[in-house]
Amino acid sequence: MNQLAHFVSGRSMESVGTAAPIINPATGCRLGLVPAAPDEEVDIVVAAAKAALPAWSGLAVQQRINLMFDLRRALEVNKEEIIDFVLTETGKTLTDATMEVNRAVEIIGHATATTVLSATPYTRGIATGINTYEVRYPVGVVAAISPFNFPVMIPLLQTMMAIACGNTVVAKPSDRNPSALLRLAEYFSKAGLPDGVFNVLLGGAAAVDRIIEHPDVAAITFVGSTPIARHIRTKGVAHNKRVQAFGGGKNHLVVMPDADVDSTADAAVSAAFGAAGQRCMAVSVIVAVGAIADPLVDAISKRAAALPIGNITDPSAVLGPVISEESVQRIAGHVEQAKKEGATVALDGRQHGAGDDGWYLGPTVLDNVRPGMAAHSDEIFGPVLSVVRVNSYEEAVAVISASDFGNGASIFTRDVGLASRFTDDAPAGQIGINVPIPSPVYFHGFAGWKDSAFTETKMHGRDTIDFLTRTKTVTARAL
Ligand code: NAD
């Protein structure tokens, strides 16, 4: 079986690390082997990124930006192949995989705006004949550690602005599905990106720990689950690194009694079950206020029960598999636990269990969930939607506040005043008003509140530039 290799300094590098299989979640078939880098290999990859820094950071800004346009083109022309990797290794539906890769193209495009975003202040005459200004420098080697659920989009969100700012990168994709990023690294190299600027390291927890300790890594950008995000942040800061660590989510959608039942149910089903619920911004809790609860649960359950499951290459498929057999067991366990804790299973998706044909679960709707139950407190990360019933807007906000997570919170209502209050009241980094998944476009920043992010700076948007660069403040007398 084909064993993948790291991509370092413009070429593949075999690994001697222990290898684990990559498995197609839609079929259960083995696709290849992914090695786990031992410390010596991590060191080689970091050294390659360090060696490339002086030449890359010394290039004229416009030369780097011109290359970003070439990288975008390289992804665009090879899109079909990259989509195919997302289909086979992640088990996304064709529509979802295509959407992800199209967004990835836009993300590289956004990195060309770095020049505009990175302008620094200049103050003339802070004293007679003396001016003060700031000069930006790249931070150095940036390590990007990524989750499985967006194997192209998230690594590019973490790395494209980094290299546009003059840093070099060690990208550590998820060990479940690294092929798309590896192939992209090859295309970037062919498009003219100098050797060592964009390296891909394969591995798991041990490789990440070595990265965090490595003296030549200046900054770490992590996206993944909350326990690992917390660990990365704590350990990274202890090693004096800059660290952005984005964690999991439990995203609430408050539905007020004046909302339209049909359009809200359509939005809720798409936001809860798209990508089999494996999105950090998936809606996983509906907070139904007052009398809308009965018709809403009914409308959601009917729509969810009718979702086409499986055959991910069929453009009409909506619900694909979850990433692993372990995920199937974990998610099914959550449904059982919710039942024990007093939730009503309005729709049970567990009949589509693990098997030879992949790791499918149907959509599950849990009604009468309450804060304090695991179905409300834990990120399930699968096709399970919980419904909490409350009597007032204030109670709805209290339900959101009871969660440790704070990625996104949305409200569906026709009351403009209430929508505006919600922006102030809901403790989350992304707010949706009549929009179920308020993921921002790249020129605005993204970061959750509470345990959804351990960072001072947001991902993408202007904040990213501050994370990826350091400044000198110069005070100069004109002689
Ligand atoms: P994960 O935390 O298991 O893995 C993420 C990365 O960390 C992978 O590269 C993995 O190899 C590495 N890793 C795993 N265990 C580690 C350890 N003990 N020490 C160091 N590194 C380790 O996450 P996942 O299952 O791949 O992805 C799903 C999670 O990511 C969900 O919780 C989801 O909400 C979250 N996510 C968050 C965002 C966001 O923007 N906040 C976006 C996408 C996904």
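This is a predicted model: local features need pLDDT of at least 70, side-chain atom pairs count only at pLDDT 80 or more; totals for chains, interfaces and linings use all residues.
**Helix H12**

Next I checked the length of H12. The helix runs over residues 325-340, which makes 16 residues. From first C-alpha to last, H12 reaches 23 Å, close to the 22 Å expected at 1.5 Å a residue. After H12 comes Gly342, and I noted its positive phi, near 110°.

**Helix H14**

I then asked myself which residues of H14 are buried. In this helix, residues 393-401, they are Tyr393, Ala396, Val397, Val399 and Ile400. Their arc around the axis is only 155°, which puts them on the same side of H14.

**The ligand site**

Which residues come nearest to the ligand? There are 27 residues around the ligand, and the nearest are Ser146, Lys172, Ser225, Gly247 and Glu379.

I looked up backbone contacts to oxygen atoms of the ligand as well. For Ser146, a polar backbone atom is 2.7 Å from a ligand oxygen. For Phe148, a backbone N or O atom lies 3.0 Å from an oxygen atom of the ligand. For Gly224, the corresponding distance from a backbone N or O atom to a ligand oxygen is 3.3 Å. Then I turned to how far the ligand is covered: taken alone it exposes 840 Å², and the protein buries 85% of that.

**Positive phi away from glycine**

Here I went looking for backbone angles worth a second glance. Most residues other than glycine have a negative phi, and most peptide bonds are trans.

Ala276 is not a glycine, yet its phi is positive, about 55°. I located Ala276 in the loop between H10 and strand S13 (283-289). Is Ala276 buried or exposed? Its relative accessibility is 1%, so Ala276 counts as buried.

Asn434 also went into my list, with a positive phi of about 55° although it is not a glycine. Asn434 sits in the loop between strand S21 (430-433) and strand S22 (449-450). With 40% relative accessibility, Asn434 counts as partly exposed.

I stopped at Val261, which belongs to helix H10 (residues 261-273). How far apart in space are Val261 and Ile292? The C-alpha atoms of this pair are 7.5 Å apart, while the two residues are 31 residues apart in sequence.

**The whole chain**

I counted its secondary structure as 16 helices and 24 strands. The radius of gyration of the chain is 23 Å, close to the 23 Å that the globule rule gives for 479 residues, so the chain is as compact as a globular protein of that length. Along the principal axes, the C-alpha atoms fill a box of roughly 75 × 65 × 40 Å. As for burial overall, buried residues make up 56% of the 479 residues.

How values were computed
Residues are numbered from 1 along each chain as its sequence is written. Side-chain values use heavy atoms; hydrogens and water are left out. Helices (H or I, at least four residues) and strands (E, at least two) are DSSP runs, numbered from the N terminus. The expected span of a helix is 1.5 Å times one less than its number of residues. A residue is near a molecule or strand if one of its heavy atoms lies within 4 Å of it. A polar contact is a pair of N or O atoms within 3.5 Å; within protein, one must be able to donate a hydrogen and the other to accept it, and residues adjacent in sequence count only if both atoms are side-chain atoms. Accessible areas come from the Shrake-Rupley method with a 1.4 Å probe; for residues, only the protein chains shown count as cover. The radius of gyration is taken over C-alpha atoms; the globule rule is 2.2 Å times the number of residues to the power 0.38. Buried means under 20% relative accessible area, exposed over 50%, partly exposed in between (1.4 Å probe, protein chains only). The arc is that of the directions from the helix axis to the C-beta atoms.
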